[in-house]
Amino acid sequence: MYKLIIALLMIYSCRSAKNQQSNQTNETTIYTGTVHLNNNGCPYYIEINQCFVSNLSYYIGKTIFPIQLDEKFKKEGLSLNFNLNLSRAMSPADCQVDYVVSLENVSMSKK
């Protein structure tokens with residue numbers, strides 16, 4: 001009887017943890033960053049200037065290399081808004097950035 005209760009509690013706790021994790025990933029965080037070209041050994045990278053969620057402010061001041069960034073956004077000094085996902089992809093050789101990411105919902109920022 002006790003084994004059945006313990007098994008049910010374990011199943012319920014796993015399901016609760018899964019639901020909490022899926023709720024956290026549904027929140028979208030908008031970042032603002034400035035595009036830089038041909039610096040730090042990178043063909044391009046983005047320096048994050050602002051984050052609209054205070055508990056994710058550790059990204060501010062960090063540099064990211066976005067994989068497959070559209071050509072229209074590769075302009076020096078261009079300010080962009082975007083959502084990011086960390087990637088396991090490698091950065092280009094000699095490219096000194098903090099994170100390699102994929103971007104979603106990329107748009108030009110109004111200054």
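Start by selecting leucine 78, which sits in the loop between β3 and β4 (strands are DSSP E runs of at least two residues, helices H or I runs of at least four, numbered from the N terminus). This is a predicted model, so local features need pLDDT of at least 70 and side-chain atom pairs count only at pLDDT 80 or more, while totals for chains, interfaces and linings use all residues. Residues are numbered from 1 along each chain as its sequence is written, and side-chain values use heavy atoms, with hydrogens and water left out.

Is leucine 78 buried or exposed? At 17% relative accessibility it counts as buried (under 20% relative accessible area; exposed is over 50% and partly exposed lies in between, with a 1.4 Å probe and protein chains only). Now show what is around leucine 78: leaving aside neighbours within four places in sequence, it contacts Gly33, Thr34, Val35, Lys72, Phe73 and Met108 (contact means heavy atoms within 4.5 Å).

Aspartate 70 is partly exposed, at 42% relative accessible area. Its C-alpha is 9.2 Å from that of valine 106, 36 residues away in sequence.

Next, the core. Select Ile64, Phe82, Leu84 and Leu103: of the 22 residues in the largest nonpolar core, these touch the most other members (such a core is a set of buried Ala, Val, Leu, Ile, Met, Phe, Trp, Tyr and Cys residues joined through side-chain atoms within 4.5 Å). Colour β1 (31-39), β2 (42-51), β3 (63-66), β4 (79-86) and β5 (99-108), the elements that each give two or more residues to this core. β2 supplies the largest share, six residues. Then zoom in on leucine 103, whose contacts beyond four places in sequence are Ile46, Ile64, Pro66, Leu69, Phe82, Asn83 and Leu84.

Last stop: the rings. The whole structure has two aromatic pairs (Phe, Tyr or six-membered Trp rings with centres within 6.5 Å; planes under 30 degrees apart are stacked, over 60 edge-to-face, the rest tilted). Tyrosine 31 and phenylalanine 82 are stacked, with centres 6.1 Å apart and planes at 25°. Tyrosine 31 is in strand β1 and phenylalanine 82 in strand β4, so this pair ties together parts 51 residues apart in sequence. Tyrosine 31 is buried at 4%, and phenylalanine 82 is buried at 1%.

For the other pair, select tyrosine 44 and phenylalanine 65, stacked with centres 4.9 Å apart and planes at 25°. They link strand β2 to strand β3, 21 residues apart, and both are buried.
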